[in-house]
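Hi,

Here is the structure I said I would pass on. Have a look at it, and then read my notes below.

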Amino acid sequence: MNLRVVGANLCVKLLSVYREKTAMFFTIAFPIILILVFGTIFMSQDNVGFHLCVQDLDQTKSSVDSVKALELNGKFKITRVDPAVDATQYVRDNKVDLVLVIPEGLEKALTRRKSSKDFKASVTITYVYDPSSSSVSTKMDILNGVLAGINQEISGNPPFIRSAEKSILTRKYRFIEYFIPGIIAMSVMTLSLFGTVNLNTELRQKGIIRKLSTTPITRTDWILSNILYQFIIAIISTTAMLLVSYAVFNVNLHLDAWLLAFILLDVFAFVGIGMFLTRFVQEAQSAAAAANAISFPMMFLSGSFFPIELMPGFLQKIAKMLPLYYVNEGLRAAMVFEDNLAALKDAAVIGVFAAVVFILGVMATKWEESQ
Amino acid sequence: MTNQAEHVIEVEHLTKRYGGLLAVDGISFSVRKGEVFAFLGPNGAGKTTTVEIIETIRTPTSGNVRLLGMDVTKKKHDIVPRIGVLPQGFSSFDRITVRETLQYYSRLFCHGKTDIDGLIDLVNLKDKTREQYQNLSGGLKQRLGIAIALVNDPEVVFLDEPTTGLDPAARREVWEVLQGLKNKGKTVFLTTHYMEEAEFLADMVAIISKGKIIATDSPAKLIEKNTNYLLLTLQSVDEKAFEIIRKMGFEPVLNDHKEIKTKVEHTDDVQKILGAITDAGVLYLGLDVRKPNLEEVFLKLTGEALHDGQVVGKGAE
């Protein structure tokens, strides 16, 4: 290995990409756009609030207080429906999925129950709903919980079973914080894979590889400079993603050496796959198609965008066979959960994979043209 | 077969097969130190395969190839720093300037003392040093490629089709650069399908056709050995002249440009033909009498004419 040669190669690659402004822009902009789009979507999910229409037919202090109590619960944003309209028609006309109807006589029944201890006094709250809505059952479950609480309170007895929450995490994290390590893992994968495939097929088709094969540069020098180049690009891209995440979403992520370690392992693994592909798929277009065929399923199956627990069991098993899954999990363990042991386990898996693929990639790289 | 001190390239019974295709068929030749050796032949004749085997890029199927006294299949690492190569269809990094490109290749050879300015002067790229490769014309790119082939001050320079695809003016400019190399005493191995290029630049020519070398010698000797006639061309004449010449026992050929070409043995024959045509009252606008060139030699040896690297069928042999 000759460091002077590695440096010369690295310099030429960095100068080329620096001067190709469009490529540089998209290298940095694509993951940032993803973060901005998904971050905005997930931010609204963190502050989840259901829209709830309430028709108060009682119009008494008790009924008004009940509606306020629902509002103060924090889960609902209340719209008051005119008592004069037909609730069913209202659901249809206004394309809402649920109207909660408080019947006339709520206050009277409540007074009878509380003052006269008339346990037969009760009211029925009606949910007028559209069953085709996907979120309506969740809303009704939450409402049932709220109503159960009110019933229990009116009964005057303290609850027998209480519940308490205890998170395994030292702090509560937001979805965007779960999402960003996944996007970093995915971006480094695509940059390394496509970067290697595009660069090598382009240089081969232009005959530059053939020219290089008549110079003293060795396979090791070439591959090492490629790795360093992809690592620098990955660091630039990750820095840009983190800056945007902190500035726009005020994320709280733990940044330490694990981040660099996982980026490096991610680069090694996918540069290795890229080298392997370029050796066996000669044409630039076919190589790019093969890289797509590898990266797209990996992107969606390995939990970059959402937890793999949302997928059916057999897909979860497949996910656990994908290298990107371990980069995602490792980065989350390090950046979100601050779990060094879990990060170490994931690093070991992706490390072994990266070593094997990289050695195969090196073996597959040939200067001489096979013809 | 050869004296190693004198010969820098020695090829013996070299064969290269690609599957069922026999690209190079048992060829032997040698190149002396300091000479410009042209490997001449049509596209697909086996030129590039041969030169790439000598350059250590490809491995031969059989035969021996020694470069600078070393076996090319075993001593790649010792050979590469001592040779310079302009590969066929040379290209470089689009967004890297002329000077940066030369510095880059110089670093690959770890040749700290490369005279970059001297190389830039040699290939006449002084006012293009800050130009990116992608903005250079075809001729300038080739000249840069030649300069790159010289960054390590090589003992042998391989130029694989250095002027293919260039217009005549750009080709002449590259020839001037190659003349400069010749004057510096470099050993140059040139592959080309341009006869005039080989004739203009080469000390020695090997003609290769269908994987076999069919003749090797200096351009002058090749012409002398294979042709013993003069070539008379008459321009813008009517077909009566053609008949007159044919009846005189010569074998004229009329081409699309209304030119009659015929071979004659002596200058006396030229006078006889012109006299007969003038007596018949036939006018002609131009006249050319010249010795044959490598084009005619190739035609004689292969029975095929060559145009822009392609064999274009049987000639008027």
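Starting with chain B, an automatic or database domain assignment gives domain 1 (7-219) and domain 2 (228-290). The centres of domain 1 and domain 2 of chain B, taken over C-alpha atoms, are 41 Å apart.

Before the rest, some housekeeping: this is a predicted model, where local features need pLDDT of at least 70, side-chain atom pairs count only at pLDDT 80 or more, and totals for chains, interfaces and linings use all residues. Residues are numbered from 1 along each chain as its sequence is written, while chains are lettered from A and ligands numbered from 1 in the order in which they are written.

Chain B has an open, antiparallel sheet of four strands, in the order β12-β13-β11-β14 (strands are DSSP runs of E, at least two residues, and helices runs of H or I, at least four, numbered from the N terminus; two strands pair if DSSP finds at least two bridges between them). Its edge strands, β12 (253-254) and β14 (286-290) of chain B, each pair on one side only. β12(B) and β13(B) (residues 259-264) are joined by two bridges, and Leu254(B) sits opposite Ile260(B). Helix α9 (residues 239-247) of chain B packs on this sheet, touching β11 (230-235), β12 and β13 of chain B (contact means C-beta atoms, placed from the backbone, within 7 Å).

As for where the chains meet, the contact takes 21 residues from chain A and 21 residues from chain B. On the side of chain A, α1(A) gives the largest share, seven residues.

Cheers

Technical notes
Two residues are in contact if their C-beta atoms, placed from the backbone, lie within 7 Å. Axes are lines fitted to C-alpha atoms, for helices over the stretch in contact, and angles run from 0 to 180 degrees between N-to-C directions.
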